[in-house]
Amino acid sequence: MKCGGSTLAALPEVFFEDLCKLQEAGTIPVIVHGGGPAINELLEAMQIETEFVGGLRRTDERVLGVVEMVLGGQINKQIVRRIAKAGGRAIGLSGIDGGLIRAVPAANAHEVGLVGDVRDVDAAILHGIIDMGFMPVIAPLGIDEAGQHYNINADTAAGAVASRLGVPRMIVVTDVPGILKTIEGEKRVLPEVTVQEIEEMIASGEIYGGMIPKVRAAIQCIQGDVQEVVIVDGAEPRVLSRVLGGEALGTRIIKEG
């Protein structure tokens with residue numbers, strides 16, 4: 001499961017209670033989170049300029065320091081704390097810890113700086129945490145063979161973790177009801193969309209900005225064992241239990257029609 005940074009602060013307590021009920025029932029969620037708004041706030045307070053290229057934050061050493069501080073510290077522990085408050089058990093870590101997420105420079109590193117692509121995920125670390133009965137809560141940071149740290153898009157990291165764990169479904173929790181398409185002059189949520197339809201919507205400009213890396217990560221994710229990615233609004237009551245129970249919520253991204 002991926003939780004967007006703009007979503008986390010607004011998630012109701014019932015969302016975390018739902019997580020804990022899943023844990024009690026034997027379904028252990030694996031959470032990868034973002035933290036964009038909190039990163040923006042601290043960068044602004046420290047008067048460090050930042051910008052985005054194709055939905056990815058341009059990251060130099062100063063920006064990376066702030067990203068690590070916010071993602072690996074503030075946001076990660078906030079989620080662990082809210083899970084504990086709801087009665088659950090979670091362990092927070094970043095992709096740097098134990099070399100969990102092995103990274104390489106992004107293909108457009110000349111434009112975005114210290115942003116990484118995922119080369120590998122050490123699933124044994126996550127299986128160990130799960131076997132102990134804890135939910136892993138992962139900050140999307142990576143490390144390469146030389147010890148260089150990287151800022152990794154949370155959607156990309158979540159897709160790589162889901163693929164490496166071989167789970168059938170990844171849930172992307174956002175602050176939007178799903179992928180929207182203009183139909184007869186009205187924005188409507190698409191209940192289901194294929195990879196080809198997504199590519200067409202990117203080409204037409206219907207999918208743009210921060211949604212592009214989100215759907216790109218979903219596409220990459222479902223090339224492997226993951227059968228579908230579901231984008232849902234975290235404000236929906238008991239959204240996780242309802243999706244896992246088969247209810248049609250948000251947008252399902254599938255391999256083919």
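A: A salt bridge here is a side-chain nitrogen of Lys or Arg within 4 Å of a carboxyl oxygen of Asp or Glu. The model is a predicted one. By that definition, the side chains of Lys2 and Asp155 form a salt bridge, with an N to O distance of 3.3 Å. Lys2 belongs to strand β1 and Asp155 to helix α7, so the pair ties together parts that lie 153 residues apart in sequence. Both ends are enclosed: Lys2 is buried at a relative accessible area of 5%, and Asp155 is buried at 6%.

The sheet itself comes next. Eight strands make up an open sheet with mixed pairing, in the order β5-β8-β2-β1-β11-β15-β16-β14. Its edges are β5 (90–94) and β14 (192–194); each has a single partner strand, so one side of each has no neighbour in the sheet. Helix α7 (residues 154–165) packs on this sheet and touches β1 (2–3), β2 (31–33), β8 (135–139) and β11 (169–174). The direction of α7 makes about 165° with that of β2.

One of the residues involved is Ile231, whose bridge partner in β16 is Thr251.

Glu228 and Arg169 meet in a salt bridge at 2.8 Å, N to O. Glu228 is in strand β15 and Arg169 in strand β11, and the two are 59 residues apart, so this pair links distant parts of the chain. Glu228 is buried, with a relative accessible area of 9%, whereas Arg169 is partly exposed at 30%. Both residues belong to a network of salt bridges that also includes Glu192 and Arg252.

Another salt bridge connects Lys187 and Glu206, at 4.0 Å from N to O. Lys187 sits in strand β13 and Glu206 in the loop between α8 (195–204) and α9, so the pair ties together parts 19 residues apart in sequence. Across the whole structure, a search finds 15 salt bridges.

Eight of the 11 residues of α9 are buried, so the helix is largely enclosed by the rest of the structure. The buried residues are Met211, Pro213, Lys214, Val215, Ala217, Ala218, Ile219 and Cys221.

Two loop residues complete the account. Most residues other than glycine have a negative phi. Glu184, in the loop between β12 (180–183) and β13 (186–189), has a positive phi of about 55° although it is not a glycine. Gln47, in the loop between α3 (36–45) and β3 (52–53), also has a positive phi, near 55°. Glu184 is exposed, with a relative accessible area of 74%, and Gln47 counts as exposed at 70%.

Key. Residues are numbered from 1 along each chain as its sequence is written. This is a predicted model: local features need pLDDT of at least 70, side-chain atom pairs count only at pLDDT 80 or more; totals for chains, interfaces and linings use all residues. Side-chain values use heavy atoms; hydrogens and water are left out. Helices (H or I, at least four residues) and strands (E, at least two) are DSSP runs, numbered from the N terminus. Buried means under 20% relative accessible area, exposed over 50%, partly exposed in between (1.4 Å probe, protein chains only). Two strands pair if DSSP finds at least two bridges between them. Contact means heavy atoms within 4.5 Å. Axes are lines fitted to C-alpha atoms, for helices over the stretch in contact, and angles run from 0 to 180 degrees between N-to-C directions.
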